[in-house]
Amino acid sequence: MNKNLPQLTVIGTGYVGLTSAVCFAAHGYNVCCVDSNQAKIEMLNNLICPIYEPGLSELMKENRERLRFCTNIPDGVKFGDIIFICVQTPPRLDGSADLSYVEEVAKEIALNMDSYKVIVDKSTVPVETGQHVMDTISKYTKHEFDVVSNPEFLREGCAISDSLYPDRIVVGVSSPRAESIMRVLYGPWDYTKLLITDIKSAELIKHCSNSFLAMKISFINSISRICELVGADVKLVADGMGIDKRIGEYFLNAGIGYGGSCFVKDVSAFIWIAKKLGYDFELLKMVEKVNRDQRTFFIKKVEKELWILKNKKIAVWGLSFKPDTDDIRNAPSLDIVKHLVDEGAIIRAHDPVAIQNFKHEIGENQSITYHTDVYDTVKDADVVLILTEWDEYNKVDLNKIKSMMLSASIIDGRNMFDMDTVRNLGFRYQCIGRN
Ligand code: UDX
Ligand code: UDX
């Protein structure tokens, strides 16, 4: 054990907390992971990863000796010189972020502190949360402490490489002492990527980044509608735009809209914060509207293709909100499948890893069957809907698919395939923003 390195505690072992903890351990830190969910901690102690994230399980096992897992906050607080808050900040009914878990954890930290600690917020929180966390901790402890904002930008599906090789590391501090500790912490990372700011700016950077990316997606989805109306190809338009370095090629894939735990929640939280501060963020309201409309628009395509949905057999490929994850939070598949089932359709769904989570969210439903073999979804099907661009769908034998279907029709919500190739095989192939 390297005595010069600070010891770390991570509270909340979800996508963000667990990935961060494992990556810190990979850089030689001893990390105590605390989670209130006993079942999760038991799994982790048996080296079973509770989430599907490529590479995470392997990296966790490789660094086992530097990781410990427990449910006991007092032990965790005593262990860590630096304590990360990584609990969830779910949306409330009005769109604002529910910060009650953050407050509760801050209080628990304060009550169990026995020396100076740096308390780092990694959860996505509204601007000014750092100040509330400081106020909360001050109420319950006499010990010295610093609060830091260190937003996490990792994407699910490539969380490990995003954590080990991030584009930037943002650290918002309010004291030189905290700054120097955080500089030491991130020593093993590429130092040129470290941006030190005040706490409020760091908090804002996270909401601004996610909102901007969501805006980019809604922009290209709006353009996809225009492309369909005039007979242009949104993929080519996006390519042409993306070459311009000022615009950039990423996040210009038109589809059925963004999902996931962050964009939906953070855009609505940002609208809410702006309103609270006295600014009506109309631009972001439109980003949300375009995103919702994109799902409805896709459903309309299905209705147009099948005429009556009742008793039609629909193969659904992909349930997770994006490939390489089992996460279905705010996945477009939830809204789309619910609507189709309500209209009486029979759904045969495939996903490589997200079936359990989807079932859990949508509940038992006799109109939906789940399949681990994609070919089992298409027997006598009236249409295939592609809702997540899993790489495995690129490898299917489309001739075999066609021979098994009642009617050779694909509606691709993720623009996966080359249009001419699929159409030349005899499919009716519809996608987004391409005619
Ligand atoms: C994270 C961030 O924290 C969130 O703010 C951001 O917007 C998205 O990413 P995520 O890691 O996806 O959230 O959350 P989740 O997978 O729900 O994990 C949170 C963990 O915290 C859970 O394991 C939960 O059991 C744990 N938790 C929650 C505690 O240990 N204590 C609590 O009081 C509350
Ligand atoms: C996002 C942010 O990218 C990350 O920085 C932050 O820490 C958490 O939120 P994540 O939600 O894991 O990450 O996935 P991301 O790859 O950003 O995709 C979000 C959604 O946007 C997915 O539903 C995806 O399908 C959709 N998307 C993405 C598009 O529809 N088009 C695109 O061009 C890109």
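Biologist: Is Glu343 buried, partly exposed or exposed?

Modeller: In this predicted model, Glu343 counts as partly exposed, at 39% relative accessibility, and its place is in the loop between α13 (332-342) and β10 (346-350).

Biologist: And which residues does Glu343 touch, leaving aside neighbours within four places in sequence?

Modeller: With those neighbours left out, Glu343 is in contact with Leu309 and Lys310.

Biologist: Okay, ligands now. Which residues come nearest to ligand 2?

Modeller: Ligand 2 has 18 residues around it, and those that come nearest are Phe153, Leu154, Glu156, Asn253 and Lys322.

Biologist: Where do backbone atoms of Leu154, Glu156 and Asn253 sit relative to the oxygens of ligand 2?

Modeller: For Leu154, a backbone N or O atom lies 2.8 Å from an oxygen atom of the ligand, and for Glu156 the corresponding distance from a backbone N or O atom to an oxygen atom of ligand 2 is 2.7 Å. As for cover, ligand 2 exposes 670 Å² when taken alone, and the protein buries 92% of that.

Biologist: What does the shell around ligand 2 look like by class, and which helix gives the most to it?

Modeller: The shell around ligand 2 has 9 nonpolar, 3 polar and 6 charged residues, and helix α9 (residues 199-230) gives the most to it, with 3 residues.

Biologist: What about side chains, say Gln88, Ser123 and Arg329: how far are their polar atoms from oxygens of ligand 1?

Modeller: An N or O atom in the side chain of Arg329 is 3.0 Å from an oxygen atom of ligand 1, a polar side-chain atom of Ser123 lies 3.2 Å from an oxygen atom of the ligand, and an N or O atom in the side chain of Gln88 is 3.4 Å from an oxygen atom of ligand 1. On its own, ligand 1 has 700 Å² of accessible area, and the protein covers 89% of it.

Biologist: Switching to α8: which of its residues are buried, and why do they line one face of the helix?

Modeller: In helix α8 (residues 176-185), Ala178, Met182 and Leu185 are buried. Seen down the helix axis, the buried residues of α8 fall within an arc of 50°, and therefore they line one face of the helix.

Biologist: What do those buried residues pack against?

Modeller: The buried residues of α8 pack against β1 (8-11), α1 (15-26), β4 (82-85), β5 (117-121), β6 (145-149) and β7 (169-172).

Biologist: And Val173, where is that?

Modeller: Val173 is in the loop between β7 and α8, and at 10% relative accessibility it counts as buried. Leaving aside neighbours within four places in sequence, the contacts of Val173 are with Val148, Ala178, Glu179, Ile196, Thr197, Asp198 and Ile199. The C-alpha atom of Val173 is separated by 9.0 Å from that of Lys200, which is 27 residues away along the chain.

Biologist: Ser96 next: buried or exposed?

Modeller: Ser96 is buried, with a relative accessible area of 0%, and it is found in the loop between β4 and α5. Its side chain makes a polar contact of 2.6 Å with the side chain of Asp94, and, with neighbours within four places in sequence left aside, Ser96 is in contact with Pro90, Pro91 and Trp272.

Biologist: Last topic, backbone angles. What is phi of Leu47, and of Asn311?

Modeller: Phi of Leu47 is near 60°, and phi of Asn311 is near 65°. Most residues other than glycine have a negative phi. Leu47 lies in the loop between α2 (38-45) and α3 (56-62) and is partly exposed, with a relative accessible area of 23%. Asn311 lies in the loop between α12 (282-306) and β9 (313-317) and is exposed, at 52% relative accessible area.

Notes: Residues numbered from 1 in each chain as written. Chains lettered and ligands numbered in written order. Predicted model: local features only at pLDDT ≥ 70, side-chain atom pairs only at ≥ 80, totals over all residues. Heavy atoms only, no water. Near = heavy atom within 4 Å. Polar contact = N/O pair within 3.5 Å; in protein donor to acceptor, adjacent residues only side chain to side chain. Areas by Shrake-Rupley, 256 points an atom, 1.4 Å probe, with all protein chains shown as cover. Helix = DSSP H or I, 4+ residues; strand = E, 2+ residues; numbered from the N terminus. Nonpolar A, V, L, I, M, F, W, Y, C, P; charged D, E, K, R; others polar. Buried < 20%, exposed > 50% of the residue type's maximum accessible area, 1.4 Å probe, protein only. Arc of directions from axis to C-beta. Contact = heavy atoms within 4.5 Å.
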